[in-house]
Amino acid sequence: MNAGESQRAPWIVGVSGASGTPYAAAVLRALLAAGEAVDLVVSRASRLTLLDETGISFRDAHWQEDLREWLGRGADGKPGMFETDVRGVRYWSAGDLAAGPSSGSYPVKGMLIVPASTACVAGVSLGLSKDLLQRAASVTLKERRPLVVAVRETPLNGQTLRHLVALDDAGASVVPASPAFYAGATHIQDLVDFVAGRVLDAAGVGHGLYRRWKGELGGGAQST
């Protein structure tokens, strides 16, 4: 292990099976643009969602190639919209419970789950470790590191709401994937970037994904 590797402290990004893979792509692009290292965990269910929403088959053996293609797509599915250097990403298979993020001694800054399905929310709330995503989230909570959960579901039933309250009580930040319109959105990518930006705000990571509110009425309309 070289000196640079020993000092590496990534953000774990967990992608669950909820609809909303463009949110994950926007968060990943912004983290890498900010110079942050990333450890990526893609659940088995999320591979099906990614295939459905983008047509991309995410494969363990070709994850760098597939990740580049995924991050290159805009929120409307158009390929080649972004160019992202993925060398700052380390990928861990969701079934690898011996992976680095499964241990509290593995140095990370925190974890972002985006999007978070209700099944994922329940598993993390109950302290389950059915896969690496849930295990890493449990470790993040027990080590008192930042955990941001971008839940993407509607409507929410009482059981899920209780799970979200439990996560909040445990120290997690619950960030519903709810776009806002005051930032002057003119494209679906703007709405996706707003949610991704709020996820990064909760983690304390700087970005320029959306126009911030400055107390000026009509500012959003003026920026269009």
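Me: Thr140, buried or exposed?
Reply: Thr140 is buried, at a relative accessible area of 1%. Buried means under 20% relative accessible area, exposed over 50%, and partly exposed in between, with a 1.4 Å probe and protein chains only. This is a predicted model, where local features need pLDDT of at least 70 and side-chain atom pairs count only at pLDDT 80 or more, while totals for chains, interfaces and linings use all residues. Residues are numbered from 1 along each chain as its sequence is written, and side-chain values use heavy atoms, with hydrogens and water left out.

Me: Where is Thr140 placed, and what is it in contact with beyond its neighbours within four places in sequence?
Reply: Thr140 lies in helix 6, residues 132–142. Apart from those neighbours, Met111, Arg145, Pro146 and Leu147 are in contact with Thr140. Contact means heavy atoms within 4.5 Å. Helices (H or I, at least four residues) and strands (E, at least two) are DSSP runs, numbered from the N terminus.

Me: On to the sheet. What is the strand order?
Reply: The order is 3-2-1-4-5-6, in an open sheet of 6 strands with parallel pairing. Two strands pair if DSSP finds at least two bridges between them.

Me: Which are the edge strands?
Reply: Strand 3 (89–93) and strand 6 (173–174), each of which pairs on one side only. Strand 3 pairs with strand 2 (residues 38–42) in the parallel sense, over 5 bridges. Within that pairing, Val41 has Trp92 in strand 3 as its bridge partner.

Me: Which strands does helix 2 touch?
Reply: Helix 2 (residues 21–33) packs on the sheet and touches strand 1 (11–15), strand 2, strand 3 and strand 4 (110–116). The direction of helix 2 makes about 150 degrees with that of strand 4. Axes here are lines fitted to C-alpha atoms, for helices over the stretch in contact, and angles run from 0 to 180 degrees between N-to-C directions.

Me: Which residues are buried in helix 4?
Reply: In helix 4 (residues 63–72), the buried ones are Trp63, Asp66, Leu67, Trp70, Leu71 and Gly72. Their cover includes strand 1, helix 2, strand 2, helix 3 (44–54) and strand 3.

Me: How many salt bridges does the structure hold?
Reply: There are 10. One of them joins Asp39 and Arg8, with the closest N and O atoms 2.7 Å apart. That pair links distant parts of the chain, 31 residues apart: Asp39 is in strand 2, and Arg8 is in the loop between helix 1 (3–6) and strand 1. Asp39 is buried at 0% relative accessibility, and Arg8 is buried at 17%.

Me: Last thing, the surface. Where is Trp213?
Reply: Trp213 is in the loop between helix 8 (188–203) and helix 9 (219–222). At 48% relative accessibility, Trp213 counts as partly exposed.

Notes. Salt bridge = Lys/Arg side-chain N within 4 Å of Asp/Glu carboxyl O.
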